[in-house]
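Please walk through this structure from a helix to a strand pair and then to the ligand.

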Amino acid sequence: MNFELSEEYQDLVDTVRDFADEVVAPVSAKHDEEHSFPYAVVDQMAEMGLFGLPFPEEYGGMGGDYFALCLALEQLARVDQSVAITLEAGVSLGAMPVYRFGSEEQKRQWLPLLASGKALGGFGLTESEAGSDASGTKTTAKLENGEWVINGTKEFITNSGTDITQLVTVTAVTDTTTRDDGSVKKEISTILVPTNTPGFKAEKAYNKVGWNASDTHPLTLTDVHVPEANLLGTRGRGYANFLQILDEGRIAIAALATGAAQGCVEESIKYAKERQAFGTNIGSFQSIQFKIARMQARAHTARLAYYDAASRMLAGKPFKTEASIAKLVAGEAAMDNARDATQIFGGYGFINEFTVSRHYRDSKILEVGEGTTEVQLMLIARELGL
Ligand SMILES: Cc1cc2nc3c(=O)[nH]c(=O)nc-3n(C[C@H](O)[C@H](O)[C@H](O)COP(=O)(O)OP(=O)(O)OC[C@H]3O[C@@H](n4cnc5c(N)ncnc54)[C@H](O)[C@@H]3O)c2cc1C
């Protein structure tokens, strides 16, 4: 049993950490306030090869693995969750479905582009009546003269409307059958939709509580025609395939949440050493020390949980439950640490330009996105035979 990082992983951590501190952090508050997508930062992340981390070199990747992606996400999220989620969604939701389920032709067409970071892909699962219960999909795709004709709407799709977005993979009902009891069974498939296809529209971006520099839109698909060959994976396996992508994605989100939790610790230590009250720095008060010590314990626990889930995944072992545990623990650690950090900052914790107040707004979604806390609890309980 060894949780120590190899030299290669440690080099990656150090490089991304420096980049986060020197390039990302100085512009984070500005992008958050303006709700602007950080194109220049994303461009530099692309140059560093971060979007290609877990993909083989033959598809334009860096030849790393999913854990490497997680380590990078943790370092970025310490200072800026919007930037981290842009990478997470671009790689684990945008490109990974093509890598996991695509034909050789689809991989050759899309992966070099997405792995380069010069283009972004999105993952279109959620709909107004299909969130936690993603099987509620109403979007349809009908095969007509060798083309899928797609109609429907999607909600909350990350990276779906930037200037560099080129692909959104959507789930759609491709057939229905009526069972003997009269209920309808849906056949759900996944289809690659280039965003320049007529009828595809990214609607006005959401005005969110946090992740303000991340790109999130509702989508409308009106008579969108794409070739039959744009079916991703086996027809009818779309829902199952997306669930597999979400299992992996939970480890990546747990890594991101761990970074957020750790960022709150770092900011709090700095502030506690500087801020004076009653003739001393507030870090000399035991109540502040205990708060920060507990925050560190949460961040450490979250890190161990995602390391464990990632190591199982890389070893080819079952990891679904451990991914849910990591997502649950890390998401709550981020939210709890953000609440404690803003308390330590006093009134300044309520002022938006401070990193901890951004973490406070940003961290809430970590208990909701890629499966809510309740969904993780359901999955863990199911594994326990309940
Ligand atoms: C910023 C942002 C980015 C996102 N990015 C993407 C993306 O890129 N692609 C994508 O497809 N989706 C994306 N989502 C959607 C996200 O995954 C969903 O919002 C999430 O899965 C929850 O679904 P919902 O919002 O429909 O909530 P609901 O499913 O309606 O849940 C509402 C509440 O009911 C609870 N609940 C539901 N069912 C049960 C149950 N059986 N037992 C107990 N409690 C239950 C939930 O836990 C929650 O508290 C994003 C969302 C946001 C806000």
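**A lysine, a hairpin and a ligand site**

Helix H5 spans residues 104-116, and Lys107 belongs to this helix. The model is a predicted one.

Is Lys107 buried or exposed? Lys107 is buried, and Lys107 has no salt bridge. The nearest side chain of opposite charge is that of Glu104, at a distance of 4.5 Å. Leaving aside residues up to four places away in sequence, Lys107 is in contact with Tyr59, Val98, Tyr99, Gly102 and Pro112.

The next stop is a pair of strands. Strand E2 covers residues 140-144 and strand E3 covers residues 147-158. E2 and E3 run antiparallel and are paired through five bridges. Across this pairing, Glu144 faces Glu147 of E3. The two strands make a hairpin, with two residues between them.

The last stop is the ligand. Which residues come nearest to the ligand? There are 17 residues around the ligand, and the nearest are Thr126, Ser132, Phe156, Thr372 and Glu374. Thr126 places a polar side-chain atom 2.6 Å from a ligand nitrogen atom. For Ser132, an N or O atom of the side chain is 2.6 Å from an oxygen atom of the ligand. Thr158 has a side-chain N or O atom 2.8 Å from a nitrogen atom of the ligand.

Technical notes
Residues are numbered from 1 along each chain as its sequence is written. This is a predicted model: local features need pLDDT of at least 70, side-chain atom pairs count only at pLDDT 80 or more; totals for chains, interfaces and linings use all residues. Side-chain values use heavy atoms; hydrogens and water are left out. Two strands pair if DSSP finds at least two bridges between them. Helices (H or I, at least four residues) and strands (E, at least two) are DSSP runs, numbered from the N terminus. Buried means under 20% relative accessible area, exposed over 50%, partly exposed in between (1.4 Å probe, protein chains only). Lys and Arg count as positive and Asp and Glu as negative; His and the chain ends are not counted. A salt bridge is a side-chain nitrogen of Lys or Arg within 4 Å of a carboxyl oxygen of Asp or Glu. Contact means heavy atoms within 4.5 Å. A residue is near a molecule or strand if one of its heavy atoms lies within 4 Å of it. A polar contact is a pair of N or O atoms within 3.5 Å; within protein, one must be able to donate a hydrogen and the other to accept it, and residues adjacent in sequence count only if both atoms are side-chain atoms.
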